[in-house]
Amino acid sequence: MANADQNPPRVAFQGELGAFSEEAVVSFFGSAAEPLPRRNFADVVDSVRRGEADFGLLPIENTTVGGVAAACDALAESELNVIGEVIGLVRHCLLARPGTDFTDVRRVHSHPVALGQCSNFFRQHPQIEAIAAYDTAGAALQVSQSNDPSLAAIASGRAAERYGLIKLLEDFQDRADNQTRFLIVSRESLQPIEADAGNFKTALVLETENGPGALVNALLPLARHQLNLTHLQARPGHTPWSYWFFLEIEGAGATTELAVQQLAACTLSLRVLGSFPRWRP
């Protein structure tokens, strides 16, 4: 992503070094990038906003558990722009300290999303308790610092190498096609090439009136202009039982801008988060 004449990009992500998010940073920016671990998604956004990081990386959805609500909320509440996406395969490992046997394990720590991606494992092993942690790699770090043989973590193979843990199990997520899609955010927006608009997406957030057909009417301009809606999340609004929506559509440029203008006329508020290239591995 960075030019040879520029400093390596500083990229904030949620979690500790060794997290799946760090793998996504390397996939998008290359191994020269400087990953900046942050405690939560709001911290990622703040790091970019304050200039501590050049870019931020936020997981927006997973093929097993769906949308990542907290990341979506952090993005919508920020003033940052979406300038890219990256999709990473998620291969979970059960990690423990050297010398641990699988039969020793009674508690497994990991991020709630990772625990949800391994629900079959916990159904098959009811003696093992799933415990939520703020991050997969953070859970691995906790295991490495503990002398408790009953404690394990679900995290990446990268985390095992970083924290000196062994793999009791590998590749045991519920779905073989388990993938997470991340959005790249920046203070600056990206100007798409009109001729290449078919390979772009556009992200936006909007709020409609709370009434019959309000969302349908707002989305009709997308259908009229033959723009495919690829992602839709409903999130709680600022008043009880009100909602705002996060959308992604295929396309960028004049046609998309016209559709968005017509869409805005049917909403209470709308903000375009940015247009960005579709991920091509």
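I began with Ser47, which touches Ala12, Arg38, Glu52 and Ala53 when residues up to four places away in sequence are not counted. The model I am reading is a predicted one. I looked up the element next: Ser47 belongs to helix H2, residues 41-49. Is Ser47 buried or exposed? Its relative accessibility is 1%, and buried means under 20%, so Ser47 counts as buried.

Then I turned to the sheet. I found four strands in an open sheet, ordered S13-S14-S12-S15, with antiparallel pairing. Which strands stand at the edges? They are S13 (229-236) and S15 (269-277). Each has a single partner strand, so one side of each has no neighbour in the sheet. On average, neighbouring strands here are turned by 15° against each other, direction ignored.

I checked one pair more carefully. S12 (residues 200-207) and S14 (residues 243-250) pair in the antiparallel sense over seven bridges. For Leu204, I noted Leu247 in S14 as the bridge partner. I also looked for what packs on the sheet: helix H9 (residues 254-264) does, touching S12, S14 and S15. The direction of H9 makes about 160° with that of S15.

Last, the cores. The largest nonpolar core has 29 residues. Phe29, Leu57, Val86, Leu95 and Ile184 touch the most other members. Leaving aside neighbours within four places in sequence, its contacts include Ala140, Val143, Ala152, Leu165, Ile166 and Lys167. Another core lies apart from the largest one and has 25 residues, among them Val44, Ile60, Ala76 and Leu80.

Methods
Residues numbered from 1 in each chain as written. Predicted model: local features only at pLDDT ≥ 70, side-chain atom pairs only at ≥ 80, totals over all residues. Heavy atoms only, no water. Pairing = 2+ DSSP bridges. Helix = DSSP H or I, 4+ residues; strand = E, 2+ residues; numbered from the N terminus. Axes fitted to C-alpha atoms, helices over the stretch in contact; angles between N-to-C directions. Contact = heavy atoms within 4.5 Å. Core = buried A, V, L, I, M, F, W, Y, C linked by side-chain atoms within 4.5 Å. Buried < 20%, exposed > 50% of the residue type's maximum accessible area, 1.4 Å probe, protein only.
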